[in-house]
Amino acid sequence: MLVPLIIACEVGFWVLLAGGLGLRYLARMPWLGAAVLLCEPLLELVLLVATTLDLRNGGEPSWRHGLAAVYIGYTVGYGHYTVKWLDGHAAYRFAGGPKPPGPGYGRARAVHEWKLWLRTLAGGAVALALLQGAIWYAGGAADTSALQECQFAVLRAVGIHGIVAATYTLRPRKAPAAAGGAADPGLAKSER
């Protein structure tokens, strides 16, 4: 029951996102589009209630419950960011808004990657808290090893993302050379 519900929540997220942005920019109904976008957290609430009810009704704690906790954590960490990012691109594409800036290079890119890591950390903290709550809720008689394995997976993901962010600090990406071979300013002046 939980896996199809998780899939339905993910599909529902993208349907609400597309519908909200479509109403905002294509149908020129910004308030209605914003209202649709604000309905997205209800999906996670439904999933949280369904997961809790499954455990309460005697469901054996499993990877399915862990996946639900990780999904909710990911949505808490990245849901608003995803909506804002896509909203900026939709405004640029359909409403003549400014082009959204990219992550950049050098120090700006490193800062961007650390901000993303903070989102991963926040999502991981939510997932870990939900998983620990499920372990306590299931009680000592239930086998909660699957939930504990999910906790370790979340910690690994946060750690790996931290390493990736650190690489952008230690070895920052450089901007590509200027187009047309005029990367050397002295060369460009002598050709004029």
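Let me begin with the ground rules. The model is predicted, so to speak of it carefully, local features need a pLDDT of at least 70 and side-chain atom pairs count only at pLDDT 80 or more, whereas totals for chains, interfaces and linings use all residues. Residues are numbered from 1 along each chain as its sequence is written, and side-chain values use heavy atoms, with hydrogens and water left out.

I will start with the salt bridges, where the criterion is a side-chain nitrogen of Lys or Arg within 4 Å of a carboxyl oxygen of Asp or Glu. By that rule the count is two. One of them joins the side chains of Asp87 and Arg24, with 3.6 Å from N to O. Asp87 lies in helix α4 and Arg24 in helix α1 (residues 2–26), so this pair ties together parts that are 63 residues apart in sequence; helices here are DSSP runs of H or I with at least four residues, strands are runs of E with at least two, and both are numbered from the N terminus. For accessibility, buried means under 20% relative accessible area, exposed means over 50%, and partly exposed is what lies in between, with a 1.4 Å probe and protein chains only. Asp87 is buried because its relative accessibility is 16%, while Arg24, with a relative accessible area of 27%, is partly exposed.

If we set aside residues up to four places away in sequence, Arg24 touches Met29, Pro30, Gly33, Ala34, Leu37 and Asp87, where contact means heavy atoms within 4.5 Å. Arg24 and Arg173, for their part, are 149 residues apart in sequence and 36 Å apart in space, taken from C-alpha to C-alpha.

The other salt bridge is between the side chains of Arg109 and Glu113, at 2.9 Å from N to O. These residues are four apart in helix α5 (residues 106–138), which means that about one helical turn separates Arg109 from Glu113. Arg109 is buried, with a relative accessible area of 12%, and Glu113 counts as buried at 7% relative accessibility.

Now to the aromatic residues. A pair of aromatic rings is described by the distance of the centres and the angle of the planes. Rings of Phe, Tyr and Trp (for Trp, its six-membered ring) pair if their centres lie within 6.5 Å, and planes under 30 degrees apart count as stacked, over 60 as edge-to-face and the rest as tilted. The count comes to four aromatic pairs. The rings of Phe13 and Trp14 have centres 5.2 Å apart and planes at 90°, so that pair is edge-to-face. Phe13 is buried, with a relative accessible area of 7%, whereas Trp14 is partly exposed at 40% relative accessibility. Trp114 and Trp117 also form an edge-to-face pair, with 5.6 Å from centre to centre and 85° between the planes. Being three residues apart in helix α5, Trp114 and Trp117 are separated by about one helical turn, and Trp114 counts as partly exposed at 32% relative accessibility. Tyr74, Tyr78 and Tyr81 form one aromatic cluster.

What about disulfides, and how many does the rule give? With a disulfide taken as a pair of cysteine sulfur atoms within 2.5 Å, the count comes to zero. Cys39 is in no disulfide, and the nearest cysteine sulfur, that of Cys9, is 14 Å away. Cys150 is likewise in no disulfide, the nearest cysteine sulfur again being that of Cys9, at 17 Å. Cys39 is partly exposed at 34% relative accessibility, while Cys150 is buried, with a relative accessible area of 14%.

Leu42, Leu45, Leu48, Val49 and Leu53 form a nonpolar surface patch with about 410 Å² of accessible area together. Patch members have over 30% relative accessible area and no salt bridge, with like charges joined within 9 Å and nonpolar side chains (Val, Leu, Ile, Met, Phe, Trp, Tyr) within 5 Å, and the areas come from the Shrake-Rupley method with a 1.4 Å probe, where for residues only the protein chains shown count as cover. Leu45, found in helix α3 (residues 40–56), is partly exposed at 47% relative accessibility. As for the backbone, phi of Arg28 is near 55°, a positive value in a residue other than glycine, and Arg28 is exposed, with a relative accessible area of 55%.
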